[in-house]
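Dear colleague,

I am handing over the structure we talked about, with the sequence alongside. Please have both open while you read the notes that follow.

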Amino acid sequence: MTEADEVAEGHGHGAPMVEKITDFEVLEIALRELAIEKGLFTAEDHRRYTEHVEQLQPAAGSRFVAKAWLDPAFRQLALDDPIAACREVGVDWLEPTGFGTPSDFTALEVLEDTPTLHHVIVCTLCSCYPRPLLGMSPEWYRTPNYRRRIVRWPRQVLAEFGLYLPEDVEIRVEDSNSKHRFMVLPVRPDGTDGWTEDQLAEIVTRDCLIGVALPKVGVTTNAARPVHPAIRPAPGY
Ligand SMILES: [Co+2]
């Protein structure tokens, strides 16, 4: 189809009619079709799993933190056996779909912040993320820009998110992988005395659970983070 035809059809600006498929997508389709053919799972299992993952939200992670702030016994459980603690907020890492395909990323660690220690998570290799608790990762989390720079210049990168930490706060960056996932347990902010679990959960945004923001009274959404295209992008991005 020529550009003129596209404009005539209302697409305009020469936008392609079909999105270009990447090498990774080709690989995913090939692997998936092979696995279905070999009977490892069915196409229906795959559909249900995909839909299950797509509807996950950070709400479970927010609830997890609010409970840990309010209940010292739950907080201890969260640190000692986070998988068990997750079940108390309705998240079962071992059976995410209910059709017997256990999740293989079952080593979860909750990173407890203190007034002098701050954690932030990354997956330098790809985009591993505690999805059962937080849902799909934000786009910036998957960018090479974030993955490369947060480990080298954490203080500067956090400042780009609007999080300026004093020099006496140590920053620890934890690198996730296919077997090991992390979630940050931030410090409960001042001004929340007497708050209910619901009120507390509301200020624990996704960004707080990744460690690029701190919970703050009155802030219940993530700051907008446009992803700027690189001027000279690396090949493949
Ligand atoms: Co990864």
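**Confidence and overall make-up**

This is a predicted model, and the mean pLDDT of the protein is 87, with 86% of its residues reaching 70 or more. The stretch to treat with caution is residues 1-12, where pLDDT stays under 50 and for which the model has 10 contacts beyond four places in sequence. Where pLDDT is low, the predicted coordinates should not be read in detail.

The secondary structure comes to 11 helices and 4 strands, and of the 237 residues of the protein, 24% count as buried. Among contacts between residues at least 6 apart in sequence, 68% join residues that are at least 24 apart.

The largest nonpolar core has 40 residues, and the members that touch the most others are Phe64, Val65, Val204 and Leu209. Helix H4, which runs over residues 59-70, supplies the largest share of this core, namely 5 residues.

H4 has 12 residues and reaches 17 Å from its first C-alpha to its last, which is close to the 16 Å expected at 1.5 Å a residue. The helix is mostly covered, since 9 of its 12 residues are buried; these are Gly61, Ser62, Arg63, Phe64, Val65, Ala66, Lys67, Ala68 and Trp69. What covers the buried residues of H4 includes helix H5 (72-80), helix H6 (82-87), helix H7 (131-134), S4, helix H10 (197-203) and helix H11 (206-210).

**The strands**

Strand S4, residues 180-185, is the one in which arginine 181 lies. Because 5 of the 6 residues of S4 are buried, this strand is largely enclosed by the rest of the structure. S4 pairs with strand S1 (residues 107-112) in the parallel sense, over 6 bridges, and in this pairing leucine 111 stands opposite valine 184 of S4.

Is arginine 181 buried or exposed? Arginine 181 is buried, because 25 other C-beta atoms lie within 10 Å, where the cut-off for a buried residue is 20 or more. The C-alpha atoms of arginine 181 and leucine 108 are separated by 4.8 Å, although these two residues are 73 residues apart along the chain.

Strand S2, residues 117-122, is likewise mostly covered, with 5 of its 6 residues buried. S2 and strand S3 (residues 170-175) pair in the parallel sense over 6 bridges, and the bridge partner of histidine 119 in S3 is arginine 172.

**Helix H2**

Helix H2, residues 23-37, has 15 residues and reaches 21 Å from its first C-alpha to its last, close to the 21 Å expected at 1.5 Å a residue. H2 is hardly covered, as the count of buried residues among its 15 residues is 0. Just after H2, glycine 39 takes a positive phi of about 80 degrees.

With best wishes

Notes:
Residues numbered from 1 in each chain as written. Predicted model: local features only at pLDDT ≥ 70, side-chain atom pairs only at ≥ 80, totals over all residues. Core = buried A, V, L, I, M, F, W, Y, C linked by C-beta atoms within 7 Å. Helix = DSSP H or I, 4+ residues; strand = E, 2+ residues; numbered from the N terminus. Contact = placed C-beta atoms within 7 Å. Expected span 1.5 Å × (residues − 1). Pairing = 2+ DSSP bridges. pLDDT = per-residue confidence, 0-100.
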